[in-house]
Amino acid sequence: MKAAPFEYARAASLSEVCALLATHGDGAKLLAGGQSLVPMMAMRLVRPAWLVDINEIAELKFIAVEKDMARTGACTRQGAVERDHALAARVPLLRQALAWVGHVQTRNRGTIGGSLAHADPCAELPLVAQVLGARMLLRSGTGARTLEAEKFFAGPMATNVRPGECLEEIHWPAWSWRHTGSAFTEISVRHGDFAMVAAAAQVAIDGDGRCVRAAFGLGGVGGTPLAFPKIAGRLVGTRLDDAAVNDAAHAAATETQPGSDLHASAEYRRHLAGVLAARALREARERARSL
Ligand SMILES: Cc1cc2nc3c(=O)[nH]c(=O)nc-3n(C[C@H](O)[C@H](O)[C@H](O)COP(=O)(O)OP(=O)(O)OC[C@H]3O[C@@H](n4cnc5c(N)ncnc54)[C@H](O)[C@@H]3O)c2cc1C
């Protein structure tokens, strides 16, 4: 199948994007890497009247590593983020998650912002954003606002980005504890497919081996990626022994409401959620201990 007819505009600046979005309203869609949008248009699942191409906008493509966070421009390619060593040193979960996103070829085109705005509940980057508490900077003709990941994702393939807004940059918190470890794991039908269930975790321990901060979450088991801050908080002060980790993973899995499809039943997905959450937490703990 081929896409329905549409008009095309290549924007040269963010202000031009905002002006085009203001003019064309709901009928316009931003084109980033096209790795999700173009197939959806070809299948006629979306029929934008206007495509606003943001690929040539230099101000949307950058990686900046700062003291407490890293910032990435929305149109930064996933591959560029994966290959950035300074970023991987400060926010290692991004590189760990990107290894599971599609293929080298799709990561060379696909953008960070496109993946977040697409908001697939099984996608890896939205899960990382949710677990780390990333903040999204949104720009429109009337100004800018910031949304925390928790408020950004609204449901399957749905966000709280308003018509006329463009995701400009993403702020990824960086933990400063020396012994910080993170891990990402998932089960998919084939490597490179979207996850059936995914888990991400990050923990920090003090010199004595006690947990000072923990965060973890699950993808593919609800309408949005899920983080479990209250359950993770119960790990603080423990030595992250297997019993504590398994308890936390089990508690999180119990809170999920996965669906069933031809690949897996809800019950199997919930089982995977517990297994993968425990695996991610253990791997994160081992990395923290090894530093
Ligand atoms: C073979 C294949 C395998 C894949 N496997 C995976 C996988 O395992 N995991 C995974 O997560 N993804 C996977 N993907 C999808 C891929 O990660 C996409 O790159 C990503 O979902 C969308 O990014 P994009 O830059 O291509 O966005 P586009 O496809 O260009 O856009 C996606 C949506 O986001 C909107 N958008 C884009 N940029 C902005 C912005 N700055 N502000 C507001 N809205 C914006 C668009 O209007 C559109 O609605 C796969 C894709 C392919 C083709």
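Good morning. In helix H11, Asp 242, Val 245, Asn 246, Ala 248, Ala 249, Ala 253 and Thr 254 meet Arg 270, Ala 273, Gly 274, Ala 277, Ala 278, Leu 281, Arg 282 and Arg 285 of H12; contact here means heavy atoms within 4.5 Å. By class, this contact has eight nonpolar, three polar and four charged residues, where Ala, Val, Leu, Ile, Met, Phe, Trp, Tyr, Cys and Pro count as nonpolar, Asp, Glu, Lys and Arg as charged, and the others, Gly among them, as polar.

This is a predicted model, in which local features need pLDDT of at least 70 and side-chain atom pairs count only at pLDDT 80 or more, while totals for chains, interfaces and linings use all residues. Residues are numbered from 1 along each chain as its sequence is written, and side-chain values use heavy atoms, with hydrogens and water left out.

The axes of H11 (residues 242-255) and H12 (residues 266-290) come within 8 Å and cross at roughly 145 degrees. Axes are lines fitted to C-alpha atoms, for helices over the stretch in contact, with angles from 0 to 180 degrees between N-to-C directions. Helices (H or I, at least four residues) and strands (E, at least two) are DSSP runs, numbered from the N terminus.

I turn now to the pockets. The largest pocket holds about 1,300 Å³ of space. A pocket is an open set of points on a 1 Å grid over the protein atoms alone, where a 1.4 Å probe fits, with protein on both sides within 12 Å along at least five of seven lines; lining residues have an atom within 4 Å of a point. A volume is the space filled by probe spheres set on the points.

Of its 49 lining residues, Lys 29, Leu 37, Gly 114, Ala 117 and His 118 are the closest to the centre of the largest pocket. Which element gives the most to this lining? Helix H7 does, with five residues. The lining has 22 nonpolar, 19 polar and eight charged residues.

The second largest pocket has a volume of about 310 Å³, and its lining has 12 nonpolar, two polar and three charged residues. Domain 2 (59-173) and domain 3 (179-290) each supply at least three residues to that lining; domain bounds come from an automatic or database assignment.
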